[in-house]
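Please examine the model below together with its sequence.

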Amino acid sequence: NSDSLPYHMLGCISTSSIRWSVTRRTVLEISTVVVMGTENGLLVGGFYLLYGKNSFYVDLSPLFSKSKVRSYKSEGYELTTAYESVSIIKTKLDLMGMTMEYCRNSYGKCYPNSPVGFDLFLAILENIDLSKIKCGTSDRLEYDSDCFSFWDYVTRKFPNYFKHGEESILDESTEKMNDLVLLRIFCEISTFQQLTLDWNIFETINSGYYSEDEIFHPLKDVYKTVIVTEGSSDTSIIKRTIEAYFPQFVDFFIFIDMDKNYPFPGCGKMWSFFQGVVIINQTSRTLFVLDNDTEGNQTYDNMTSLKHQSNIGVCRLPHLPCMENVLIRYPLGDDYGDVNGRAVSIECFLDLTPIHNSPVFELDSFNRKMKEYQGRISQKTDLKKSISKIGKPNYDCHNLIILINHIFSEIIKLNNPLCDFY
């Protein structure tokens with residue numbers, strides 16, 4: 001009795017067979033068609049994109065929230081789903097390590113002999129307009145038996161690519177590839193970017209297979225990225241900004257700041273910690289965030305020149321256009337110039353209204369190795385007072401949005417060796 005299995009399954013169903021991957025890395029092969037029961041899965045445009053039945057379900061907890069639900073009613077029938085936009089799900093999958101580069105590699109490994117290469121597969125999906133497809137009654141989320149699966153529809157629409165006799169090449173591929181790979185590929189298609197996906201999972205909960213807390217569990221650390229910053233201000237600003245303007249992604253980060261968490265005082269704390277992380281061969285994804293100043297450039301050069309694992313990354317604060325022509329006080333006089341790469345700290349990304357959008361910098365120390373002045377913003381204390389106001393009405397968050405998008409883009413570059421998606 002498959003329903004008595006103690007662990008939930010991750011997999012997908014085809015018309016001929018089922019391949020399930022158990023969370024304890026056990027693989028169960030079932031060659032019979034599942035009989036009637038409680039259905040669950042990921043819905044899009046009248047189709048099941050991912051499908052499960054009874055106690056079997058695709059674990060999409062990292063992508064959906066139990067507090068974001070909606071109901072569909074028609075002719076006395078009601079279906080409650082958790083829902084989320086394709087764009088949010090795409091970003092979450094990227095932050096988990098499910099990048100398009102990973103999907104490309106996974107597609108090639110799982111389906112090496114396919115007549116449909118990865119780029120052609122993407123091009124085929126780009127030609128599908130779900131808004132023009134009639135499949136069942138969309139307001140009830142019911143499905144025509146001839147168009148039950150989105151992937152079945154793709155096969156029927158493009159038989160020259162996916163049909164081999166009576167068999168579907170695409171079905172064979174979807175059985176081999178992880179469901180999250182397929183979902184991430186789906187999210188990449190431009191015509192799908194404005195769609196909303198629905199996770200039909202509450203019927204499984206209401207049927208007693210699992211509790212709501214078992215389904216909507218906390219995000220596993222394997223999907224999180226450790227963010228290492230130079231000081232407590234950096235950590236506080238980044239955390240508050242994500243909470244205020246990117247709340248869907250709050251759980252995807254673990255923060256470490258050197259002021260509070262590094263036991264050894266003195267210069268070069270980030271550099272010393274970086275060396276230690278490399279030596280111990282840390283497997284979790286870790287991103288070191290440096291100031292965009294002269295010392296930060298020097299530390300960046302040191303870190304990037306040291307051979308390190310692909311799950312460890314280094315970045316500087318992003319370039320700020322508003323810092324390209326500001327007042328600079330040198331030891332021998334004042335001038336206007338660009339302080340990007342010389343004196344930009346995280347305080348420069350805060351709302352500059354308290355200093356009348358007129359930052360002033362002091363470049364009073366010359367770094368002989370870098371052959372450049374090192375400095376700081378003079379109004380740092382005044383700017384720090386606005387940290388507690390992040391997220392409030394009328395707060396100018398433009399630069400902070402640039403900062404977080406930059407950090408996200410750097411995380412996506414990192415490999416996630418702890419996630420076995422196969």
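**A guided reading of the predicted model**

Within helix 10, the buried residues are Ser233, Asp234, Thr235, Ile237, Ile238, Thr241 and Ile242. The structure is a predicted model. Helix 10 comprises the 14 residues 232-245, and at 1.5 Å a residue these should span 20 Å. The end C-alpha atoms of helix 10 are 20 Å apart, in agreement with that expectation.

Four strands form an open sheet in the order 17-16-19-20, and their pairing is mixed. At its edges are strand 17 (333-337) and strand 20 (372-377), each of which pairs on one side only. On average, neighbouring strands of this sheet are turned by 35° against each other, direction ignored. Strand 19, residues 360-367, pairs with strand 20 in the antiparallel sense over six bridges. Leucine 363 is placed opposite glycine 375 of strand 20. Helix 13 (residues 294-305) packs on the sheet and touches both strand 19 and strand 20. The direction of helix 13 makes about 120° with that of strand 20.

Charged pairs can be considered next. Side chains of opposite charge can pair when their charged atoms come close. The structure contains 12 salt bridges. One of them joins aspartate 94 to arginine 184, with the closest N and O atoms 2.9 Å apart. Because aspartate 94 belongs to helix 1 (residues 86-96) and arginine 184 to helix 7 (residues 179-188), this pair ties together parts that are 90 residues apart in sequence. Aspartate 94 counts as buried at 8% relative accessibility, and arginine 184 counts as buried at 3%.

Arginine 184 also forms a salt bridge with glutamate 188, again with closest N and O atoms 2.9 Å apart. Both residues lie in helix 7, four residues apart, or about one turn of the helix. Glutamate 188 is partly exposed, at 29% relative accessibility. A further salt bridge links glutamate 410 and lysine 413, whose closest N and O atoms are 3.1 Å apart. Here glutamate 410 is buried at 13% relative accessibility, whereas lysine 413 is exposed, with a relative accessible area of 60%. Shared partners join the salt bridges of Lys90, Asp94, Arg184 and Glu188 into one network.

How many disulfides does a search of the whole structure find? The search finds zero. The sulfur of cysteine 187 lies 9.4 Å from the closest cysteine sulfur, that of cysteine 103, and is therefore too far for a bond. Cysteine 322 is likewise in no disulfide, the nearest cysteine sulfur being that of cysteine 348, 7.8 Å away. Cysteine 187 is buried at 0% relative accessibility, while cysteine 322 is partly exposed at 36%.

Note on methods. Residues numbered from 1 in each chain as written. Predicted model: local features only at pLDDT ≥ 70, side-chain atom pairs only at ≥ 80, totals over all residues. Heavy atoms only, no water. Disulfide = S-S within 2.5 Å. Buried < 20%, exposed > 50% of the residue type's maximum accessible area, 1.4 Å probe, protein only. Helix = DSSP H or I, 4+ residues; strand = E, 2+ residues; numbered from the N terminus. Expected span 1.5 Å × (residues − 1). Pairing = 2+ DSSP bridges. Axes fitted to C-alpha atoms, helices over the stretch in contact; angles between N-to-C directions. Contact = heavy atoms within 4.5 Å. Salt bridge = Lys/Arg side-chain N within 4 Å of Asp/Glu carboxyl O.
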